[in-house]
Amino acid sequence: MRTVTALDITRAVREMSIEANCQLPLDVTMRIEACRQCEDWPGAQRVLSTIEDNIALATRDRVPLCQDTGMACVFIELGQDVHVDGNLVDAVNEGVAAGYREGYLRKSMVGDPLRRTNTGDNTPALIHVDVVEGDGLTLTVAPKGAGSENMGRIGMLKPSDGIDGFTSFVIDTVRQAGPNPCPPIVVGVGVGGNFDQVALLAKRALLRPLGQPNRDPFYARLESSLLDAINALGIGPQGFGGRTTALGVSIEMLPTHIASLPVAVNINCHVARHATRTL
Amino acid sequence: MTMTPSPESVTHLEGPLTSDRVRTLRAGDSIRFSGTVFTARDAAHRRLVESMDKGEPLPFPIRDSVIYFAGPAPAKPGQPIGSIGPTSSYRMDAYSPRLLDAGLTGMIGKGTRSPEVIEAMRRNGAVYFAAIGGAAALIARCVRRCDLICYEDLGPEAIRRLEVVEMPLVVAIDCEGGNLYEQGPAAYLESLSDKGLGGDPA
């Protein structure tokens with residue numbers, strides 16, 4: 001049994017909230033650069049250049065890439081041999097509040113979806129805990145903006161809809177979203193499980209590094225063909241036209257019921273933020 | 001730092017934005033806007049329209065003015081404002097026609113607008129600009145001054161008056177209904193079929 005203190009968790013979440021909002025992971029910046037080089041549509045090249053300028057400026061001045069510094073989605077892999085000295089949920093929320101205050105990040109949470117009063121410190125975080133083997137504790141902070149989040153969809157398809165129905169649902173979701181989620185986007189897809197699990201799968205798919213295909217060759221091929229189909233839509237960066245509608249497609253799968261084919265699509269904007277640390 | 005890949009013609013525009021000036025703008029035009037813009041997003045729009053329903057005066061002069069659908073990040077010490085890019089405009093569609101009929105001539109945001117908003121833009125000679133979503137640190141550098149003018153309790157959603165210099169925008173939808181979100185992708189796909197590369201015509 002190893003002890004991790006609540007204070008260590010708070011400190012890590014505070015630092016990662018700031019870091020994730022001001023600096024993109026290398027896989028994302030490299031993919032944006034590669035896409036700019038592949039674009040032959042001048043307007044699309046200009047938009048991608050502007051996006052790269054913004055990344056460089058935010059990193060240099062340590063300011064938020066986007067004013068929407070998001071809901072704080074926090075994924076925790078908690079080793080079953082870890083003892084947390086203190087309250088895990090409180091520790092995460094204190095880290096989010098401190099990070100968003102000290103990092104000059106926007107507070108975008110309302111305490112109630114219908115009565116809509118800002119909570120003032122960007123809490124509560126949206127926390128997912130997985131218990132895993134070992135004595136490690138891994139934290140991922142993934143700030144998620146609402147412009148792209150609002151464009152997500154869940155479909156409870158029929159088994160007879162099959163692979164074609166699945167791919168049509170994903171492509172239609174991107175087509176309907178059009179310019180609204182700030183393309184170029186990252187497309188996270190969940191398939192299987194049940195109504196609640198499939199949405200979480202789609203969000204988890206967004207955490208996989210760009211360029212790392214699904215380990216199952218069947219799903220890796222589906223990811224590749226979906227990316228081609230999405231980039232044939234012509235939506236382009238910001239929806240002004242062009243090749244680069246999506247930077248990547250990731251699919252995650254779970255077993256499901258004989259009567260079910262749940263599909264969820266969670267879209268991320270080009271500011272595909274996340275930071276991970278193991279304590 | 002700028003790595004502009006190919007030359008583009010740029011129209012310099014200054015506020016206040018009259019309908020006569022708006023009528024010269026066409027979807028796809030690159031703009032550098034200098035002057036005053038007022039930030040307002042979901043909650044502020046709701047309050048503005050509620051004020052109009054009650055016959056109360058609006059908290060800023062709306063005629064020939066420009067609203068920026070945006071809520072900034074907090075300013076760091078010594079800066080006028082934090083990062084400030086556009087938010088999705090469709091959420092303001094329920095409110096924009098009222099403001100356009102009251103004299104609003106410009107809106108800055110990102111993404112699609114409803115047929116009702118586009119019709120109100122035609123009726124009143126107004127324009128809808130797109131700023132680059134997610135380029136919020138870059139856009140903040142165009143803001144020289146920021147004053148909170150009302151609804152402070154809304155935090156990031158309060159209405160702020162910004163003085164901007166050379167703010168980079170694109171005409172997304174012009175006052176005749178020309179729409180870059182339709183024309184841009186269509187032109188790109190047409191360029192592919194001209195090259196025999198196919199592409200999805202839908």
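**Entry 1: domains of chain A.** I looked up the domain assignment of chain A, which gives domain 1 as 2-20 + 65-144 and domain 2 as 147-274. I keep in mind throughout that this is a predicted model. For the spacing of the two, I noted that the C-alpha centres of domain 1 of chain A and domain 2 of chain A lie 25 Å apart.

**Entry 2: where the two domains touch.** I then asked how many residues of each domain are in contact, and found 15 residues of domain 1 of chain A set against 14 residues of domain 2 of chain A. The area buried between these two domains comes to about 1,200 Å², and carbon and sulfur atoms give 62% of that area.

Entry 3: Across the interface of domain 1 of chain A and domain 2 of chain A I recorded 2 salt bridges. I also looked at the salt bridge in which the side chains of Asp130(A) and Arg204(A) meet, at 2.8 Å from N to O.

Which elements give two or more residues to the side of domain 1 of chain A that touches domain 2 of chain A? I found β2 (71-79), β4 (126-132) and β5 (137-144) of chain A, and the largest share, 5 residues, comes from β5(A). Sorted by class, this side of domain 1 of chain A has 9 nonpolar, 3 polar and 3 charged residues.

**Entry 4: chain A against chain B.** Turning to the two chains, I noted that the contact takes 47 residues from chain A and 50 residues from chain B. The area buried between chain A and chain B is about 3,900 Å², with 60% given by carbon and sulfur atoms. In chain A, the residues that lose the most area to chain B are Gln67(A), Tyr104(A) and Phe240(A), which together make up 19% of what that side buries.

I looked for salt bridges between chain A and chain B and the count is 0, whereas the polar contacts across this interface number 15 residue pairs, both residues at pLDDT 80 or more. Helix α3 (residues 42-61) of chain A gives the largest share of the side of chain A that touches chain B, namely 15 residues.

Key:
Residues numbered from 1 in each chain as written. Chains lettered and ligands numbered in written order. Predicted model: local features only at pLDDT ≥ 70, side-chain atom pairs only at ≥ 80, totals over all residues. Heavy atoms only, no water. Contact = heavy atoms within 4.5 Å. Buried area = accessible area lost by both parts, 1.4 Å probe. Salt bridge = Lys/Arg side-chain N within 4 Å of Asp/Glu carboxyl O. Polar contact = N/O pair within 3.5 Å; in protein donor to acceptor, adjacent residues only side chain to side chain. Helix = DSSP H or I, 4+ residues; strand = E, 2+ residues; numbered from the N terminus. Domains from an automatic or database assignment. Nonpolar A, V, L, I, M, F, W, Y, C, P; charged D, E, K, R; others polar.
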